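Student: Could you walk me through this one? I have not looked at it before.
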Amino acid sequence: MNKSRSRGYGVFLIPGVLASVAVIVVPLVMTVGISFTRWPGIGTPEWIGFDNYTRLLHDANFWASFGHILSLIVAMAVIPTLLGLLLAAVLFDYVAKVFGNRWASLLRSGLYLPQVLPVAVTGIVWGWILHPSYGALNRILDSVGLSSLARNWLGDPKYALFSVMAVMIWFQLGYPIVMFMSGLQRIDPELYEAADLDGANWWQRFRAITVHMIRPEFYVVLVTTTIAALKVFGQIFVLTRGGPSNATLVPSYFAFKNFFEKAQVGYGSAISTVLTVIIVVLAFVFLRLQTRADRSVR
Amino acid sequence: MTATATRSPVRSGPPAARPARQWRPTRFVVLMALLVLLLLVVAPLLVVAVNAVKSPADYAANGPLSLPRSLYWSGIVDFWNRVDFGRKLWNSFITSALVAVLGVALSVLNAYALGIGRIKGRVWFLVFFLVANLLPQEVLVYPLYYLSKSLHLYDSLISIVIIFTVIQSAFGTYLLSSVYAEFPTELLDAAAVDGAGKWRTLLRVVVPVSRPTLAVLFTFFFIWTWNEFFLPLIFLISNDNQTVPVALGVLQGDRLMDATTTSASALIGILPAMLFFLLFQRTLTRGITAGAIK
């Protein structure tokens, strides 16, 4: 019966496929090809086989950049998704009911605010707040007598990555909240009423109903935020440019430097290709988990 | 487990009548915790707003945390004129609006074929769009840079619109296909019985019914494109073509940028985003409430 519906729909896919080939498939194939060459961006690329990749394996910066990504996944995907799920449930199911929708949407809007700001602006704001001499954070610490806690937040290799992580949590938290709250609207209120009748408390309802029903959104949010962490560039560019002494270097910035600063397009392509392979492999793992979860629901 | 213990006492009276009463002590703890969190999130922006309208002398004397002695607008006006900010606003706006409209349209077409049409090989198409959405822009940037130069589209807003329409619609297709996969069959069957063709069904049934989701997609596409930094940084090199984030981002660390000018520049970067946010806030809320009525 699905078969009868599936005829004649292919035509709707034509513009999407053509555009994707031009903007995504062709450049992707070219980058993978260039990764096997030495090429400064002009002239003819010189074929060097896997040399760029063997060079990567011995490049400490390359390994460091991927290590930093793990921390950023915690800050951009794990913490915001879990905290966002809890906050969305509290706002939807508790604040909205006890204090009214007005409070719930006020809080949602406020927490979502950092998401709507341009990354570059975020960088300006935080770069200034965390500035060692005239930054607001160190001034606040001074004024409450905690000047011993004042740090060169972005300039000290020991703290730079943690500072960036904190900024990322601030930046990212609103996205899961909005996604989850819109997903929660799908849940039949009768489910909650039935749980109430059974005497379930808030936490039990959260675990039994919310977490279960919100699963599709949960996967989408976890997938998209993890990808965002792997691809992070703008915040690093404006906050630290990968510094100090590569303490916050990430693969995308590492590739960017090779493309446009060092004119090592082949090496930059190899870095991008490795990053892409990692992301695609991760995606397939996610996809498998998602289909398995879908099946267990049905 | 505990489920049996909590299940046994049968409550008398309607349970939903006064749930607020029992929660009273917790109520304000929860609300206060949320308000503190809200304050932490919003505080950086407040600090920026306060210092953007403070004179450099006032800043030097009283630091970043005091309220301005008097409102000082020159910092903002000077910065606006120096970078021709109106031009950057228009560039950002037209790019984001075009991408949001075209991106949603492309997502709908793709998702119609994949989610509702369930065409052959749809799983592979979905995998493709998912992967396309995952790709780091770094793996596309150099060939795109190279190709756009040979097509004379380099340093032009058109190239940015085309690229982001495709990139955003990859996400839109993925999300919308899963929404359309659960599209009520009765509505489609009813349209078919009425003799509506596929285009008519799409425009008259599928798009109106899924409008809340499309509004959310539009909002995300607009904001994401407005905030994009990496590709615009590389593609829009001339002053006349820069978008707001690029214009502000490249000025960062400039020797001319003192503390109050930095705040002023941050504030005029924040304000348009806030404006769209307030506009979209309505769309989001409306979309969400409309989705609840089923």
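Tutor: Before we look at how helices pack, note that axes are lines fitted to C-alpha atoms, for helices over the stretch in contact, and angles run from 0 to 180 degrees between N-to-C directions. Helices (H or I, at least four residues) and strands (E, at least two) are DSSP runs, numbered from the N terminus. This is a predicted model, where local features need pLDDT of at least 70, side-chain atom pairs count only at pLDDT 80 or more, and totals for chains, interfaces and linings use all residues. Residues are numbered from 1 along each chain as its sequence is written, while chains are lettered from A and ligands numbered from 1 in the order in which they are written.

Student: OK, at what angle do H10 and H11 of chain A pack?
Tutor: Helix H10 (residues 189-197) of chain A packs against helix H11 (residues 202-213) of chain A at about 145°, and their axes are 11 Å apart.

Student: Which residues meet there?
Tutor: From H10(A), A:Leu191, A:Tyr192 and A:Ala195 meet A:Arg205, A:Ala208 and A:Ile209 of H11(A), contact meaning that C-beta atoms, placed from the backbone, lie within 7 Å.

Student: New topic: how many helices and strands does chain A have?
Tutor: Chain A has 15 helices and two strands.

Student: And where is confidence lowest in chain A?
Tutor: Confidence, given as pLDDT (the predictor's confidence in each residue, from 0 to 100), is lowest in helix H1 (residues 2-5) of chain A, with a mean of 46, and highest in helix H2 (residues 14-34) of chain A, at 95.

Student: How many residues of chain B are in contact with chain A?
Tutor: There are 81 residues of chain B in contact with 85 residues of chain A, and helix H14 (residues 259-292) of chain B supplies the largest share of chain B's side, 15 residues.

Technical notes. Two residues are in contact if their C-beta atoms, placed from the backbone, lie within 7 Å.
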